[in-house]
Amino acid sequence: MKCRYVVLIASLLATVPTLAQSVKPLVRSTSSAQTTYSVQGRVTDATGKKAVGLPGVTVLVKGTTIGTSTGSDGRYSLQVPAESKALTFSFVGYVTKDVKLTGKAVVDVALSPDIKQLNEVVVTGIQGRAAGVQISGAATVQQSKEDRKARAYSNSVAGYLAPAPEPGAGESYAAIAENGFRTVGKEPLSTFSIDVDAASYSNVRRFLQQGQYPPRDAVRVEEMLNYFQYDYPQPAPGTSAPFHIITEQAQCPWNNEHQLVQVALQARKVATEKLPPANLVFLVDVSGSMQGEDRLGLVKQALRLLTKELRPQDKVALVVYAGAAGTVLPPTAGSKRTDVLAAIEQLEAGGSTAGGAGLRLAYRVARENFNREGNNRVILCTDGDFNVGEQSDDAMERLVTEERETGVFLTVLGVGQGNYQDKKMELLADKGNGNYAYLDNLDEARRVLVQQFGGTLFTLAKDVKLQVEFNPARVREYRLVGYENRLLAAEDFNNDRKDAGELGSGHTVTALYEIVPVGAPATVDPLKYQPNPPVAPAAASAELLTVKLRYKEPQGLTSKLLAHPLTGEARPIRQASENLRFAAAVAQFGMLLRQSDYRGTATWEATAQLAWQAKSFDPDGYRAEMVRLIKLAEGIRPTPNDYGSR
């Protein structure tokens with residue numbers, strides 16, 4: 001029976017084009033001076049009476065990242081360095097096999113099933129767990145071959161066919177424990193790293209447009225806040241800092257007894273022609289899970305848009321990975337757009353996913369072409385579904401943490417659904433001195449890579465940290481809205497070795513604090529056995545808080561300090577600036593989607609009205625779009641499964 005499962009999977013895999021077929025050559029020799037020779041052959045299933053070719057098998061020169069994947073008939077061809085000792089053949093569900101090289105031009109291999117892995121396969125129609133990939137949505141009715149093809153999607157093993165999952169099924173998000181209120185008497189300092197990522201908002205939009213609430217942990221309020229443009233003033237000409245701090249306070253719209261404080265940064269906008277030269281490496285996942293117009297198809301469209309923005313002084317390389325990693329396009333001047341576009345055009349999906357090998361190769365290419373006066377960056381395009389090489393979050397974190405010390409930054413562009421690994425991609429961007437966006441459509445790609453070209457790809461300041469000190473004479477308690485994954489210890493603020501967020505050209509950062517003023521009902525009862533001296537309320541003219549900020553130059557090692565106090569009284573929310581009113585509406589929207597315990601009196605109707613009245617500054621129409629999404633969310637009937645497990 002197990003043999004039947006092996007033949008079934010192998011036959012299904014045979015329908016998927018492989019990396020070896022789609023990108024020629026997949027991997028080039030690591031040294032142009034190296035003598036190589038060609039090895040070809042066929043990989044088959046050892047259990048069958050008749051040799052059945054296995055597609056998608058990874059073939060590597062042992063001890064290197066030089067390799068390829070087998071085609072639909074199990075055949076492969078590879079240029080091997082003359083001094084190579086052996087080839088390694090690996091395929092999920094089969095025992096990995098090393099074969100010594102004796103100079104022969106043909107090396108055929110038969111792989112034996114891995115009984116331990118095969119015992120995990122449970123087939124009910126085509127539902128179950130195969131090779132570590134979760135598959136949901138078993139067919140309940142018989143379907144024709146054409147119907148099955150229409151519903152098929154490619155998974156991360158090698159692209160075998162399975163029913164398309166429901167939105168969100170099999171996706172991965174980091175757990176969020178929502179920030180609660182802190183007592184100023186005990187914790188007067190609030191410290192966090194900035195976050196200019198906006199992936200959560202476009203991902204939330206994708207769910208709502210498909211008629212579903214997003215999983216709770218997919219809703220990161222700070223990323224929703226920072227998706228939008230705000231009408232903040234530019235830093236004054238001649239100032240040394242690349243940005244300035246903006247603060248404002250008003251009545252909290254979801255709790256009338258509380259106040260809302262906005263802390264914002266506006267980075268200096270640098271004209272594209274004045275930006276430093278770019279050394280970019282496109283790193284594209286071309287594994288089987290990337291098949292589809294919403295995945296690799298969208299990535300290719302996005303990279304075409306970005307290529308048109310390149311300047312003659314910029315350089316771009318193209319690295320791909322599936323079962324192995326390889327350079328498709330060496331570093332090429334931005335003026336040679338035809339060559340870049342031709343390399344992008346030939347990309348097709350197929351094979352397993354060696355994400356770690358791809359990252360290592362992309363960073364190596366970036367380091368070898370490092371421009372000390374320019375912007376050095378890897379742009380990773382993937383659904384995050386790694387299954388070969390470094391897979392765990394800890395291993396990937398170590399990899400990018402090591403590489404960021406070289407001065408190469410990382411941008412992560414996420415695509416796809418069903419197997420989307422948001423948790424892994426957010427981690428990579430956070431630890432790789434970079435930013436992260438989710439592309440749900442071509443318009444989002446245009447926004448990220450064309451409209452925000454400078455902010456996405458050019459860093460003005462790195463390791464940007466904020467620390468807010470609250471005056472206990474005016475503030476009893478506070479709560480930071482969002483930024484749960486960006487919190488820092490108070491002592492981290494002055495530690496220049498502590499990594500933090502990056503700020504690009506023209507970027508804005510917006511954060512909100514919900515404040516319980518002195519005199520308002522406390523959220524926590526006073527302690528019975530601890531000293532609890534009364535605090536005399538200060539005058540409204542006294543400082544409410546002080547914002548401190550540390551940042552480094554893009555290639556700097558020592559941070560610089562800025563400070564900015566906030567004084568005055570909180571105005572009614574209707575009298576607040578449009579910036580604060582719209583940010584409050586976004587925060588309410590996020591809290592309603594999360595069913596937050598802190599949403600107070602917020603309703604869908606009140607949120608839509610607050611956003612509608614704060615959209616006169618809407619150069620691209622995204623604020624009006626959010627109003628439509630709020631009304632769309634109000635019409636979706638929630639079910640216990642809509643939010644997923646916590």
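Guide: Two strands pair if DSSP finds at least two bridges between them. Helices (H or I, at least four residues) and strands (E, at least two) are DSSP runs, numbered from the N terminus. The model is a predicted one, in which local features need pLDDT of at least 70 and side-chain atom pairs count only at pLDDT 80 or more, while totals for chains, interfaces and linings use all residues. Residues are numbered from 1 along each chain as its sequence is written, and side-chain values use heavy atoms, with hydrogens and water left out.

On these terms, β15 and strand β25 (residues 508–517) are joined by 8 bridges in the antiparallel sense. Within this pairing, glutamine 262 stands opposite leucine 512 in β25. Strand β14 (residues 243–251) also pairs with β15, again in the antiparallel sense, over 9 bridges; there, threonine 247 has valine 263 of β15 as its bridge partner.

How far is β15 covered? Buried means under 20% relative accessible area, exposed over 50%, and partly exposed in between (1.4 Å probe, protein chains only). In strand β15 (residues 259–267), 9 of the 9 residues are buried, so the strand is largely enclosed by the rest of the structure. The cover extends to both faces: Gln259, Val261, Val263, Leu265 and Ala267 are buried on one side, and Leu260, Gln262, Ala264 and Gln266 on the other.

Helix α5 (residues 199–209) has 10 of its 11 residues buried, among them Tyr201, Arg205, Arg206 and Phe207. The buried residues of α5 pack against α6 (221–225), β21 (434–438), α12 (442–451), α14 (578–594) and α16 (622–634). Just after α5, glycine 211 adopts a positive phi of about 80 degrees.

Elsewhere, an open sheet of 3 strands has the order β4-β1-β7, with mixed pairing. Its edges are β4 (75–81) and β7 (109–111), each with a single partner strand, so one side of each is left without a neighbour in the sheet. Strand β1 (residues 36–45) and β7 run parallel, joined by 3 bridges, and aspartate 45 has leucine 111 as its bridge partner in β7.

As for the setting, the protein chain has 16 helices and 27 strands, and buried residues make up 55% of its 646 residues. Where contact means heavy atoms within 4.5 Å, residues 24 or more positions apart account for 78% of the contacts in the protein chain with a separation of 6 or more.
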